Amino acid sequence: MNTQLAPSAPTIVAAGIGKRFNSNGSQVVALQGLDVTVQPGEFLSIIGGSGCGKSTFLRIIAGLETNDDGSVTIDGVPVRRPGLDRGIMFQDCRLLPWFTVERNLAFALTHVPKDEARARIADVIRLVGLVGFEKAYPHQLSGGMAQRVAIARVLVNKPRVLLLDEPFGALDALTKIQMQEELLRIWESERSTVILVTHDIDEAVYLGDRVAIMSNRPGHIKRFVEVDLARPRDRTSPAFVAVRRQIFGEFFTVAEAQVEYQI
Amino acid sequence: MSARTTRRFIVRGFRGAALPLALLAFWTLALSRGWANRQLLPSPWTVLQTVRHSLADAWFWTGLGHSLARMATGFLIASTIGLLFGVLLGASRWGARLAGPGFHAFRQVAPFAWIPLISAWFGVGESTKVAFITLAAFPAMVINAIEGVQAVTRQHRELARVLEISRWRFITGVIVPTAMPQIFTGIHLTLVVAWLATVGAEYFLQIGPGVAGILIEGRALVRMDLVLFGIAVIGLVGFALNLTVRHLEALVLRWRPANTSEAS
């Protein structure tokens, strides 16, 4: 078997990332001195409050924004522009409302011969559990189903890196849990390198091999928390809750003290 | 279909007739009470007789045919030029900078102001009328095409970038569908204006056969029944054009949720 042809999961190295914005004439430092190394096939969760620059960081890796300092490399190759090796999923599912599910997926597949495109589309539709909805228009789908299409659209290009920007932020709690299960199942079969940006502690711990905690002004990574728990994880187990509390304490020191009094 | 939904269906179909029926009642009342001069306001019955005579007259049908052909020509030219020009202005920053101000100044000029110039250039034939219709109708298409193209969101532009979509696929898969609802509004308005301009051109240029010929003859003979018939024909043609475009729109834009395509 020729392993070089198979899309293997790459290492992502971000070193000394800095990003500044101009807002109303004054300069805002969004990111400064941000360092992360993501191992091949690792699932990294990045958690932070709103406005900490976590989405900006993800968009830099995607090539949608440029960084002012530092560099991002994927297997040693610097990121300069968007590319199909990285699949990004946005919080809004961003489907094209005038296309059916099938045609939304076909739209994403540009550099592939027709027969293979058809096979790949059928594959991802099966993978995300949307068989029977190929001809549906986005407005006919529920929020969870629309996000499944968005996942399918990312996967159809077989990216080596998955960048997930609060993908389930707009879903209700039950659908969200269901989608997290689906995502894990897909990741376990595809084994790409994943970076998930979220503000949901439970989601970050449940999905990630590691959780990077970001603090803001300027955005940088404060610390990493290893989630050394076997999958499938039990959200109610003491070990899981302990990791959660550890992360919770990074954001709310007072609240943590209260929790400990209760126990 | 239950009796109740059938009844609702009938009510919905005919409630639009309420205003014309009320007007008809008032018209009859005004005549029977002697509020109006019969020379200036003929009775509904007289108008009905005129309708019957005119519909049996080949002159009427030739006129209508000429008017529709004229309008269709003007509309096709106006919408094609308007669409191309509008997409150019909407999609390219330099196009908008160079041609935008000139166009917006141009559309402030009332179409009738161009009549002397157009008739001097095109003579007194069919082409003058078509030129007038085109000139009057195309700005509506331009404005809507510009707005339609500019409705493409930053989110969809980003999507195209991350998916490495080619320029051509971006135009056909994103820009055109995004602009389509607005382009349809443009087609709608262009058609309305083209029909108004057709009647206007026929009335003011007074050459060749056309529906406005009914109005001209009615005025010359002081036959208001003929004038009323002419007005009704013009109104009905406009109504039919409207209906056609709306059905076409519903067909093309069926990807939209039902509540937005059913509005109006």
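Me: In what order do the strands of the open sheet of six strands in chain A run, and which of them stand at the edges?
Reply: In this predicted model, the six strands form an open sheet with mixed pairing, and their order is E6-E7-E8-E3-E9-E10 in chain A. The twist from one strand to the next averages 20 degrees. Because each has a single partner strand, and one side of each is therefore left without a neighbour in the sheet, the edge strands of chain A are E6 (86-89) and E10 (220-226).

Me: In which sense do E3 and E9 of chain A pair, and which residue of E9(A) does Ser45(A) stand opposite?
Reply: Strand E3 (residues 43-47) and strand E9 (residues 210-215) of chain A are joined over four bridges, and the sense of their pairing is parallel. Within this pair, the residue of E9(A) that stands opposite Ser45(A) is Val211(A).

Me: Which helix of chain A packs on that sheet by touching E3, E9 and E10, and what angle does its direction make with that of E10(A)?
Reply: The helix that touches E3, E9 and E10 of chain A is H7, which covers residues 238-251. Taken against the direction of E10(A), the direction of H7(A) makes an angle of about 165 degrees.

Me: What is the strand order of the open sheet of four strands in chain A, and which strands are left with a single partner?
Reply: The pairing in this sheet is antiparallel, and the order of its strands is E2-E1-E4-E5 in chain A. Each edge strand lacks a neighbour on one side because it has a single partner strand, and the two concerned in chain A are E2 (26-38) and E5 (77-78).

Me: Is Ser192(A) buried or exposed?
Reply: Ser192(A) lies in the loop between helix H5 (173-190) and strand E8 (193-198) of chain A. Leaving out residues up to four places away in sequence, Ser192(A) touches several others, among them Ala9(A), Leu162(A) and Trp187(A); Arg160(A), 32 residues away in sequence, is 5.1 Å from Ser192(A) in space, C-alpha to C-alpha. A residue needs 20 or more C-beta neighbours within 10 Å to count as buried, and because Ser192(A) has 24 inside that distance, the class it falls in is buried.

Me: How many residues of chain B are in contact with chain A, and how do the residues on the side of chain A divide?
Reply: On the side of chain A there are 16 residues in contact with chain B, and the number of their counterparts in chain B is 15. The residues on the side of chain A divide into three polar, two charged and 11 nonpolar.

Me: What radius of gyration does chain B have, and what would a compact globule of 264 residues have?
Reply: Chain B has 12 helices and zero strands, and its C-alpha trace spans about 75 × 65 × 30 Å along the principal axes. For a compact globule of 264 residues the radius would be near 18 Å, whereas the value for chain B is 23 Å.

Note on methods:
Residues numbered from 1 in each chain as written. Chains lettered and ligands numbered in written order. Predicted model: local features only at pLDDT ≥ 70, side-chain atom pairs only at ≥ 80, totals over all residues. Contact = placed C-beta atoms within 7 Å. Nonpolar A, V, L, I, M, F, W, Y, C, P; charged D, E, K, R; others polar. Rg over C-alpha atoms; globule rule 2.2 N^0.38 Å. Pairing = 2+ DSSP bridges. Buried ≥ 20, exposed ≤ 12 C-beta atoms within 10 Å, placed from the backbone. Axes fitted to C-alpha atoms, helices over the stretch in contact; angles between N-to-C directions.
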